[in-house]
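Let's take a walk through this model together, starting with the space inside and then turning to the charged side chains. Please keep the structure open as you read.

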Amino acid sequence: MSTPLADPASAQFATNPPRELPKRRGTELVLLAFATFIVTVALVLVEANQEQELTSSIIWLGLSYLAVLTAAHLAVRRWAPYADPVILPCVALLNGLGLVMIHRIDLALAERAVQQGKEYTPDVSKQVLFTAISLVLFVVVLIVISDHRTLTRYGYTCGLVGIVALALPAVLPSSLSEVNGAKVWIKLPFFSIQPGEFAKILLMIFFASFLVTKRDLFMVAGKKIVGVELPRARDLGPILIAAAACLGVLVFEKDLGTSLLFFGVTLMMLYVATERVIWVVLGVGFFAVGAIIAYNLFTHVQQRVRNWIDPLATYDDAGGGYQVAQGLFGLGTGGVGGTGLGAGRPDMVPEAKTDFITTAIGEELGFIGLAAMLMLYLILAMRGMRSALAVRDTFGKLLGGGLSFALVMQIFVVVGGVTNLIPNTGITAPFLSRGGSSLLANYILVALLLRISDAARKPAVRPKPQQPQAPIAEAHTVMVQRPSANGEGSAS
């Protein structure tokens with residue numbers, strides 16, 4: 001009869017050995033090639049419909065894009081071999097479609113500049129450069145953060161740095177921080193950066209690490225107020241101070257979209273950590289009170305609400321509904337099937353490369369193309385949340401869920417604003433819109449998601465089998481020496 005294993009974990013692995021999931025890196029490479037093919041075809045359609053000469057440069061551009069993505073794929077294969085194979089291809093396709101639309105709007109604006117006798121510098125070359133830098137940063141994050149759980153050591157540090165990054169544009173002069181009425185930039189001689197894009201990731205790391213350590217206190221400790229058991233003030237204090245500071249700074253900076261994004265992500269992470277609906281109810285109540293206060297205190301909030309209610313009524317006003325109305329006209333022109341890539345007039349919408357790039361896609365690709373783009377975001381977020389559910393540690397679950405929800409929340413705020421579902425907030429669509437800060441920050445976000453998914457899909461390490469020990473009754477007797485008072489040993 002065989003001797004039973006002494007270690008229960010070893011017995012579990014002996015009867016139910018862990019199943020090693022396939023790495024699926026080949027699938028990822030094929031999907032990346034397919035995404036590159038779609039982007040190349042889209043460029044050809046844009047050039048053809050704009051009556052541009054088709055040259056071999058488009059093929060070389062497509063091959064270059066594939067080469068850059070292949071380098072990112074090799075980095076994932078080396079440092080995150082079990083990562084989800086769908087996340088990176090979805091990001092690559094969204095990024096590529098963004099480059100196509102920016103190039104298409106560049107062609108229209110360049111033609112207009114020629115008619116007016118002016119010079120025009122295209123933005124697509126800068127966006128391609130930012131894409132390459134973002135992928136380098138993506139690889140660096142994969143290498144440096146070999147285990148996402150190490151981020152819990154720097155939770156409070158990330159929170160402090162995130163709040164400072166948010167507040168820095170607010171204390172700078174308007175000449176160094178304000179663009180289109182929002183003080184969210186740091187304008188340097190050679191480039192500009194939007195620190196809030198990076199602050200959102202740092203603050204999510206802080207919220208996740210804080211909720212992991214204080215999860216039980218949020219569920220049981222504290223006093224009951226109107227039948228609701230609240231945590232103690234000293235336990236709830238850090239997250240309330242951080243949330244209030246972030247929202248206060250963002251409202252002062254007139255960055256309403258990022259304020260809504262932070263609020264939604266924080267509320268979602270709190271609900272996931274505690275599984276108590278009362279936090280959602282309280283959060284929505286606080287949001288309603290805050291919205292009423294902001295409406296009565298800030299004129300720019302009142303203007304956004306008037307533009308939302310009837311953009312045509314404020315069409316000719318300064319800061320009025322002209323942009324929203326033009327975007328709605330573009331979506332109406334596109335209809336179900338769209339005008340075709342390169343055959344619309346997306347340049348008629350102000351800021352069509354940034355805040356309103358989704359209206360350009362809706363005009364030229366129609367409802368079908370816009371819905372397909374939203375499905376890409378949905379697949380990306382679902383794969384991230386799936387990894388968050390599968391990972392073994394609570395911090396990874398909260399961080400992965402928060403990062404995935406941030407993508408969903410951000411695209412909801414963007415599309416909801418341009419379709420007049422909610423007041424326009426002026427934030428950019430992830431991976432689509434022109435802007436280096438947004439692209440850099442979102443590639444960091446994707447690197448963290450891949451790191452979490454790698455930990456979730458990686459097979460558990462099998463414990464080393466322990467040598468079985470004989471029962472005490474069958475053990476041999478061993479003579480030991482007991483020291484005597486005079487230092488000489490005696491047998492016992």
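What follows looks at a cavity and its lining, and then at salt bridges.

A word on the ground rules: this is a predicted model, so local features need pLDDT of at least 70 and side-chain atom pairs count only at pLDDT 80 or more, while totals for chains, interfaces and linings use all residues. Residues are numbered from 1 along each chain as its sequence is written, and side-chain values use heavy atoms, with hydrogens and water left out.

Let's begin inside. Searching the whole structure turns up one cavity of 30 Å³ or more. Here a cavity is a set of points, on a 1 Å grid over the protein atoms alone, where a 1.4 Å probe fits but cannot get out. The largest cavity holds about 40 Å³ of space, the volume being the space filled by probe spheres set on the points, which are joined across faces, edges and corners.

Which residues line the largest cavity? They are Ala42, Leu97, Val100, Met101, Leu341, Ile361 and Leu365, where a lining residue has an atom within 4 Å of a point. Helices H4 (87–115) and H15 (357–390) each provide at least two residues of this lining, and H4 gives the most, with three. Helices here are DSSP runs (H or I, at least four residues), numbered from the N terminus. The lining consists of seven nonpolar residues, with no polar and no charged ones; Ala, Val, Leu, Ile, Met, Phe, Trp, Tyr, Cys and Pro count as nonpolar, Asp, Glu, Lys and Arg as charged, and the others, Gly among them, as polar.

Now for the charged side chains. The count comes to twelve salt bridges, each a side-chain nitrogen of Lys or Arg within 4 Å of a carboxyl oxygen of Asp or Glu. One of them joins Arg434 to Asp123 at 3.0 Å, N to O. This pair links distant parts of the chain, 311 residues apart: Arg434 sits in the loop between helix H16 (394–418) and helix H17 (436–457), and Asp123 in the loop between H4 and helix H5 (124–144). Arg434 is partly exposed at 31% relative accessible area, whereas Asp123 is buried at 14%. Buried means under 20%, exposed over 50%, and partly exposed in between (1.4 Å probe, protein chains only).

Within helix H17, Arg451 and Asp454 lie three residues apart, about one turn of the helix. Their salt bridge has its closest N and O atoms 3.3 Å apart, and both residues are buried. Elsewhere, salt bridges that share partners join Asp106, Asp123, Lys353 and Arg434 into one network.

Notes: On a 1 Å grid over the protein atoms alone, a cavity is a set of points where a 1.4 Å probe fits but cannot get out, and a pocket is an open set with protein on both sides within 12 Å along at least five of seven lines; lining residues have an atom within 4 Å of a point.
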